[in-house]
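Dear colleague,

Please find below the structure that I am handing over to you. A short account of the findings follows it.

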Amino acid sequence: MAQALTTKELLALPATVDLPTAGKAFGIGRTKSHELARNGQFPCRVLRVGNTYRVGRADILRCLNIDDPALTSASTLEAIDIAS
């Protein structure tokens, strides 16, 4: 089993990551990550781009029940604008 990423590391991820990095977020190794993706059983949505897999940061955070401060801040600002 792979060492899982910390919350700080998860929040620092780019918009999309490769499958091994996404697997690491869940404590899953490279081989198991690819096996789960091939079988449609990876813990969150996986995008197939050519011969590679990509996973969105937002999907990873959502599956792990971690609030994304970038999205939360934007939502708060939108709510303030609407109320004004």
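Leaving aside its neighbours within four places in sequence, which residues is L10 in contact with? In this predicted model, L10 is in contact with L5, A25, R57, I60, L61, L64 and I66.

L10 also belongs to the largest nonpolar core, which has 18 residues. The members that touch the most other members are L10, F26, F42, V55 and I60. Two or more residues of this core come from each of helix 2 (19-25), helix 3 (30-38), strand 3 (52-56) and helix 4 (57-63). Helix 2 gives the most, with three residues. As general background, nonpolar side chains tend to be buried together in soluble globular proteins.

Two further residues may be of interest to you.

S33 is found in helix 3. Its relative accessibility is 0%, and S33 therefore counts as buried, the limit being under 20%. A polar atom of the S33 side chain lies 2.8 Å from the backbone oxygen of G29. Not counting residues up to four places away in sequence, S33 touches L19, G23, I28 and F42.

L47 is found in strand 2, which comprises residues 47-49. L47 counts as partly exposed because its relative accessibility is 35%. If neighbours within four places in sequence are left aside, L47 is in contact with T52, Y53 and R54. L47 and D18 are 29 residues apart along the chain, and their C-alpha atoms are separated by 9.7 Å.

Yours sincerely

Conventions
Residues are numbered from 1 along each chain as its sequence is written. This is a predicted model: local features need pLDDT of at least 70, side-chain atom pairs count only at pLDDT 80 or more; totals for chains, interfaces and linings use all residues. Side-chain values use heavy atoms; hydrogens and water are left out. A nonpolar core is a set of buried Ala, Val, Leu, Ile, Met, Phe, Trp, Tyr and Cys residues joined through side-chain atoms within 4.5 Å. Buried means under 20% relative accessible area, exposed over 50%, partly exposed in between (1.4 Å probe, protein chains only). Helices (H or I, at least four residues) and strands (E, at least two) are DSSP runs, numbered from the N terminus. Contact means heavy atoms within 4.5 Å. A polar contact is a pair of N or O atoms within 3.5 Å; within protein, one must be able to donate a hydrogen and the other to accept it, and residues adjacent in sequence count only if both atoms are side-chain atoms.
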